Amino acid sequence: EAVAKLHGTHDNYIKSMTAFYDGRGDTGRALNMHKQFANFADGTPAHKARETFTEMMSNLGEKERATFALGFIKHIKRGAVWTMRALDELFINSILSGGKTQIVNMGMNTAMLIVDPIERLLASGVRATILGDLKGAKEHAINTIATAMGNLYSTRDSLKLALRAYQKGYTFLDTNTTVEGAQKAVIGNDLSFDMKTLKRLSVFFKEKGDKVTFADYLGLIGTPLRLISTRALSAEDELFKNISFRGKVFGDSYGSYLNKNLDEGMSFKLAAAKAFQQSTEMVERTVNYQIHKNNARRDGTVFISNDPEASLFAKEALQKGREMTFTQDLDQGWEHLQRSVAAIPLARQVAPFVRTPMNLISASLQRSPIAPLSGRWWDDFTSGNPERKAQALARWGIGAGILAYVMNAPEDWYFSIANMRGASADSWSQAMNERELAGAIQGSITVKGEEVQISRLDPIFTTFEGIATIAELHKSGKSEEADELFSMYALALG
């Protein structure tokens, strides 16, 4: 089988060798290798071909050997890489096809829509009291209430666009979705659910007739394969991202329009009604701007717009939508890891997702007592923007409040540490030591007398994190530290 594969690709080897030996005058060696490859079909033993190839490779320099070796394996691995990426895609679809995944995704996004306005109102209180900015706090509160109104009013239009995204098989507002790389499917295509698609397929197969190949049928498999997995999750992202996007634009524009109308001498009732209309129009302008921009990005065309106001609103609203759906871009180190997982075949088998889990961890960290350890939290706190600083302090306050409740609540209170561990606060240390001596599972909680593992960081995932760290150290010129870290991982894994 190996001999047959080599024989089938000998033309490619000839081209590689011709380019490789161009100008070097070693054409005789290239002809000898060509003869060996050409004779494979005539019964040349595989071990003889391997010995000849090894001998000729040993006569090349290091750089030449590496160059030729890359060309040698390029064509062999092409089919294997597609197969491994297809396995990755099948694995992703298998873990996303369950109803539990859809419920969790919808539940988390809905919770964010409910919690965010509460958090922002708390931030307006922080801005008024701790930061002493009463005027800014008032505007902050008005914008927050207007944002909640915008979220509510935009639900119907957002649902329409989400259903359209499900029908078409791609998102309109943003290419960042919960499913990383959803726009680069390997198995088949995501066909649109409409009559045009059916007519096009009918004409295609009618013209092909008996010449229809397996690859043609393979192109149809992708649509049913991703019907209730990646396609459904992308539509859900479209729904919640649209709600957050429209709500953000409505809230930010409503406050400025209201103040402008009041300054022009209108009554509050008339100013509020006109501001509502103006904000609604601004939402439509901004949504149209973002959809056309995203379409141009997906199609690889140039996007030109003469609406700078919509551009400004769209930039901030898109970031807000990504934050609310945990799809915002990662920092440089984690983004490098994300790209590595996407590039390495079968890597998704051990780390199916990178961006969404890291964003979830970041959001949790920012709402904990150790929030200052989060780079994003620190960026908001030191940004010089009173609104961002107040919201950072509000998130930190929420985390401190939750921790205080969990640690100090009595045993008979839900979600207290004593309730989850089945021990009172006073005997916590003693109970923990006794459980460890009894062989308790680390990183677990007791639910109805049974231990449940809650530690989600897989050891293999730590390895990918180490790879990203090593790469970042090399990029920043710290090669010595990178080599030391590499040695430590090599010893640990060896």
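A residue counts as buried when its relative accessible area is under 20%, and as exposed when that area is over 50%. Keep those cut-offs handy for the exercises below, and remember that you're working with a predicted model.

**Exercise 1. Work out whether Lys248 is buried or exposed, and find what it touches.**

Step 1: Find Lys248 in the chain. It sits in helix α11, which covers residues 230-263.
Step 2: Check its accessibility. Lys248 has 13% relative accessibility, so it counts as buried.
Step 3: Look for its partners, skipping neighbours within four places in sequence. Lys248 is then in contact with Thr147, Glu316, Ala317 and Lys320.

**Exercise 2. Describe the backbone and surroundings of Phe326.**

Step 1: Phe326 belongs to the loop between α13 (308-324) and α14 (332-343).
Step 2: Read its phi angle. The value is near 60°, which is positive, and this residue isn't a glycine.
Step 3: Judge its accessibility. Phe326 counts as buried because its relative accessibility is 6%.

**Exercise 3. Check the length of helix α17 (residues 386-408), then look at its start and its buried residues.**

Step 1: Get the expected span. Multiply 1.5 Å by one less than the number of residues; for the 23 residues of α17, that gives 33 Å.
Step 2: Compare it with the model. The end C-alpha atoms of α17 are 33 Å apart, so the two values agree.
Step 3: Look at the start of α17. There, a side-chain oxygen of Asn385 comes within 2.9 Å of the backbone nitrogen of Glu387.
Step 4: Pick out the buried residues of α17. Among them are Ala390, Leu393, Arg395 and Val406.

**Exercise 4. Zoom out: how many helices and strands does the chain have, and what percentage of its residues count as buried?**

Step 1: Count the elements. The chain has 21 helices and two strands.
Step 2: Turn to burial. Of the 494 residues, 38% count as buried.
Step 3: Finish with the surface. The chain's accessible surface is about 28,700 Å², and 61% of that belongs to carbon and sulfur atoms.

Key: Residues are numbered from 1 along each chain as its sequence is written. This is a predicted model: local features need pLDDT of at least 70, side-chain atom pairs count only at pLDDT 80 or more; totals for chains, interfaces and linings use all residues. Side-chain values use heavy atoms; hydrogens and water are left out. Helices (H or I, at least four residues) and strands (E, at least two) are DSSP runs, numbered from the N terminus. Buried means under 20% relative accessible area, exposed over 50%, partly exposed in between (1.4 Å probe, protein chains only). Contact means heavy atoms within 4.5 Å. A polar contact is a pair of N or O atoms within 3.5 Å; within protein, one must be able to donate a hydrogen and the other to accept it, and residues adjacent in sequence count only if both atoms are side-chain atoms. Accessible areas come from the Shrake-Rupley method with a 1.4 Å probe; for residues, only the protein chains shown count as cover.
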